[in-house]
Amino acid sequence: MNFELTQEQKAVQEMARTFAKEELLPGVLERDAKSEFPVEQFHKMGELGLVGLPYPKEVGGQGGDYLSYVLAVEEISKVDASMGIGYSVATSLYGGSVMNSAAPVEKKREFLEDVLAGKCFGSFGLTEPNAGSDAGGCITTAVKDGDDYILNGLKCFNTNGPLAEYTAVYALTEPEKKSKGLSCFIVKKGTPGFKVGKIEDKMGIRSAQVSEMILENVRVPASNMITASGDGFKLAMKTLDGGRIGVAAQGLGIAEGAFEIAKEYLKTREQFGKPLFKNQYLAFKMAELECEIEAAKWVLYKAAIDKQEGRPYSIPAARAKYLCTEAAMHVTTEAVQMLGGNGYMKEYHVERMMRDAKITQIYEGTNEIQKLVISGALFR
């Protein structure tokens, strides 16, 4: 086994790291306070080729590998987890819905090219008020009407929803079949009847734009249905497996970002006449956290490599999502504690990172769902 990154992967990693420090770190506290997403910086990420990294050039991507994309999400999330999830949703969830679908390549390019170039946003419309972990409980409908479909329903917790030019909407074309009657449609911003509902006021990832998306007699061409009728649930599950790798990368980045802040603080802060790291308890605690981060990182990278090599990756993705996001919550909580009173203050960033970390244990499949996936494979 070769654990060394390629020169191309190292170049992507360094580019994302530099971008995060130069473009995202300035203003990150203000954006968190005001719940404002850095739209212009997202466009710049597209210009750098980061958004379309793991997609083939024939659909508007960069032709890179999935591990390079994971490295980029990780580096971005060390500084700004809100950008990390906005980026991941556009690439993993919206992009994955289109790329994994049965749509012809020219349709995939039509729906992907501008998003992968960072010119606009994509979002993923699966979750509903009564369909969270039970994704098969969707009740949004799509009724055939000539050469069109009429969509009615409500999607919630839709990341990028208020910003998105394109949304992958999962709706029932055969309601009597329940989850086996689910299909997927691409709905464009501005389509009559498709509108933003409540924009959420969140504990963490406050810069990310998350909202309801309301569908009232939304007419879309039948050609915008990117699955065969009834294949939407399978598409959503496959897409979420890739999305879980993206969220794992976000969680890992949050953990690493908080760890680095704590490490520098322990080196420079003096109490009782010596730097804090000279306190063996704190040094040992940092050693424990470093091991936790390192273990999570390689489980994540393995999942990304399994995906890019075409091997089964549902279980590796669940492991990575669970371990990386648990690490995010644990490391950030410990970082706040190690910084003492300063850790509770916004200017030191770790309290924001702790708030951001919590949602990573919840979205794109709660960590309880990840345990269900993993244990199901163990006892199959």
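The model is predicted: local features need pLDDT of at least 70, side-chain atom pairs count only at pLDDT 80 or more, and totals for chains, interfaces and linings use all residues. Residues are numbered from 1 along each chain as its sequence is written, and side-chain values use heavy atoms, with hydrogens and water left out. Helices (H or I, at least four residues) and strands (E, at least two) are DSSP runs, numbered from the N terminus.

**Helix α10**

- Eight of the eleven residues of helix α10 (residues 350–360) are buried, so the helix is mostly covered; buried means under 20% relative accessible area, exposed over 50% and partly exposed in between (1.4 Å probe, protein chains only).
- The buried residues of α10 are Val 350, Glu 351, Arg 352, Met 353, Arg 355, Asp 356, Ala 357 and Thr 360.
- The cover over these buried residues includes α2 (28–34), α4 (66–79), α5 (81–99), α7 (232–268), α9 (314–338) and α11 (367–378).

**Pockets**

- Pockets are found on a 1 Å grid over the protein atoms alone: a cavity is a set of points where a 1.4 Å probe fits but cannot get out, and a pocket is an open set with protein on both sides within 12 Å along at least five of seven lines. Lining residues have an atom within 4 Å of a point.
- Grid points are joined across faces, edges and corners, and a volume is the space filled by probe spheres set on the points.
- The largest pocket has a volume of about 910 Å³.
- Its lining holds 38 residues, and Thr 127, Ile 362, Tyr 363, Glu 364 and Gly 365 lie nearest the centre.
- At least two lining residues of the largest pocket come from each of α5, β3 (148–159), α7, α10 and α11, and α7 gives the most, with five residues.
- The lining of the largest pocket divides into 19 nonpolar, ten polar and nine charged residues. In this division Ala, Val, Leu, Ile, Met, Phe, Trp, Tyr, Cys and Pro count as nonpolar, Asp, Glu, Lys and Arg as charged, and the others, Gly among them, as polar.
- The second largest pocket has a volume of about 500 Å³.
- Of the 22 residues that line the second largest pocket, Glu 75, Lys 78, Glu 256, Gly 257 and Glu 260 lie nearest its centre.
- Two or more residues of the lining of the second largest pocket come from each of α1 (7–24), α4, α7, α8 (280–308) and α10.
- The lining of the second largest pocket has eleven charged, eight nonpolar and three polar residues.

**Strand pairing**

- Strand β2 (residues 141–145) pairs with β3 in the antiparallel sense over five bridges; two strands pair if DSSP finds at least two bridges between them.
- Asp 145 stands opposite Asp 148 in β3.
- Two residues lie between the strands in the hairpin of β2 and β3, where Gly 146 takes a positive phi near 65°.
- β3 and β7 run antiparallel and are joined by nine bridges; Leu 151 has Val 218 in β7 as its bridge partner.

- Ser 211 lies in strand β7 (residues 210–221) and is buried, with a relative accessible area of 0%.
- Not counting residues up to four places away in sequence, Ser 211 touches residues including Lys 155, Phe 157, Pro 162, Val 196 and Ile 199; contact means heavy atoms within 4.5 Å.
- Thr 159 lies in strand β3 and is buried, with a relative accessible area of 9%.
- Leaving aside neighbours within four places in sequence, Thr 159 is in contact with Ile 85, Val 89, Ser 123, Gln 209 and Val 210.

**Nonpolar cores**

- A nonpolar core is a set of buried Ala, Val, Leu, Ile, Met, Phe, Trp, Tyr and Cys residues joined through side-chain atoms within 4.5 Å.
- The largest nonpolar core has 96 residues, of which Val 70, Tyr 87, Tyr 94, Leu 126, Tyr 170, Ile 245 and Leu 300 touch the most other members.
- α7 gives the most to this core, with 15 residues.
- Another core, of 13 residues, lies apart from it and has Val 169, Phe 185, Val 218 and Val 220 among its members.

- Most residues other than glycine have a negative phi.
- Ser 35 is not a glycine, yet has a positive phi of about 55°; Ser 35 is found in the loop between α2 and α3 (39–47) and counts as partly exposed at 24% relative accessibility.
- Ile 205, also not a glycine, has a positive phi of about 35°; Ile 205 is found in the loop between β6 (194–199) and β7 and is buried, with a relative accessible area of 3%.
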